[in-house]
Amino acid sequence: NEITGNINILTGFEISDVVLNQRPMAVMIENTPDARPQSGLIFADVVFEVVDEYGITRFVAVYSSNDASLVGPVRSARPYYSEIAASFDPVYVFWGTHPTFYKVVELLGLDYLSPAGDESGQSSITGNFVDPWNPGENNDAIRDGTRQRPHNAYVRIPRMREIAESLGYAVDGGQTSFSFKADADEGERGSIDSITINFSSSSYRVDFEYDTATNSYLRFCGQSPSTDRETGDQIAVNNVIVLYTDIKNSGDAEGHMIVRTTQGGQAYYFMDGKVIEGTWNRYSANDPFEFVDEDGNAVLINRGKTWVSMISGPEQLEY
């Protein structure tokens, strides 16, 4: 049965003193080997992972139920990441973008936070928080002196919320793609114990290993545990969703990718050690995603954290 009521829109847990229901904040986080282990990714309610230029993946990490004190490394936006972020009606945090892509952020109408703006004059996007050029702490962001640029930019979600409010952005609201259910009883859980997603090279191979007792999926990347830099804990999620879509190289000098985030495609919903085959749908880049089974019914996912991977087809998925 679907869980409804006074719940967080991204996790399905009942709102309380420790489970908040704030407007989603979507942050661009990088995933090169130089960026690992990341900070604060472990605390995201939802993460979308999609390939970027040269086979690298980046994350759109979305926070609502709690605020990570440190998140990063934060990197630049791309059109499809911006469109994914828009599905949550969030405040979108990114570290600038290619000059031709600022216009996409503007056209989507996103409330945004970025230390760098569009200097070309093609859009109205301006830098609206401070990039600390020198290592150490700053009221707005952090440059980590132990890491090389561009892998050393970090933000604090509480500070980003303060800046967003000062700019007049709505502090409440947001939208969700998810409907929730209770976890399956342990005796009813399935035996699909591993999921492999081959985004590109071995360094970007992602594995999720299912733990029946906790009914969660441990994440590995490049065949190493995906851990949080500060706590050392391994990232674990309650749902893994894999979406097929059209992905191709744009052919420009930078090798930017083109990723379709609307219309729809085949989808696989992993939870409770099982998989539900179905489809995803989305009518515009400002709409939430719709997740349905083969009969067209909404897929109910488990309460908790959700990881969404967008790939081009079945050759990249094993389970």
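Predicted model: local features only at pLDDT ≥ 70, side-chain atom pairs only at ≥ 80, totals over all residues.
The protein contains 3 helices and 23 strands. Its radius of gyration is 19 Å, close to the 20 Å that the globule rule gives for 319 residues, so the protein is as compact as a globular protein of that length. Along the principal axes, the C-alpha trace of the protein spans about 55 × 45 × 40 Å.

Of the 319 residues in the protein, 55% are buried. The accessible surface of the protein amounts to about 13000 Å², and carbon and sulfur atoms account for 46% of that surface. Where contacts in the protein link residues at least 6 apart in sequence, 60% of them join residues at least 24 apart. Charged side chains number 23 positive and 46 negative, with the centres of the two sets lying 5 Å apart.

Q38 lies in the loop that runs between β1 (25–30) and β2 (46–51). The relative accessible area of Q38 is 7%, and Q38 is therefore buried, the cut-off being under 20%. The side chain of Q38 forms a polar contact of 3.0 Å with the side chain of N31. When residues up to four places away in sequence are not counted, N31 is also among the residues that Q38 touches.

Key
Residues numbered from 1 in each chain as written. Heavy atoms only, no water. Helix = DSSP H or I, 4+ residues; strand = E, 2+ residues; numbered from the N terminus. Buried < 20%, exposed > 50% of the residue type's maximum accessible area, 1.4 Å probe, protein only. Polar contact = N/O pair within 3.5 Å; in protein donor to acceptor, adjacent residues only side chain to side chain. Contact = heavy atoms within 4.5 Å. Rg over C-alpha atoms; globule rule 2.2 N^0.38 Å. Areas by Shrake-Rupley, 256 points an atom, 1.4 Å probe, with all protein chains shown as cover. Lys, Arg positive; Asp, Glu negative; His and termini not counted. Charge placed at Lys NZ, Arg CZ, Asp CG, Glu CD.
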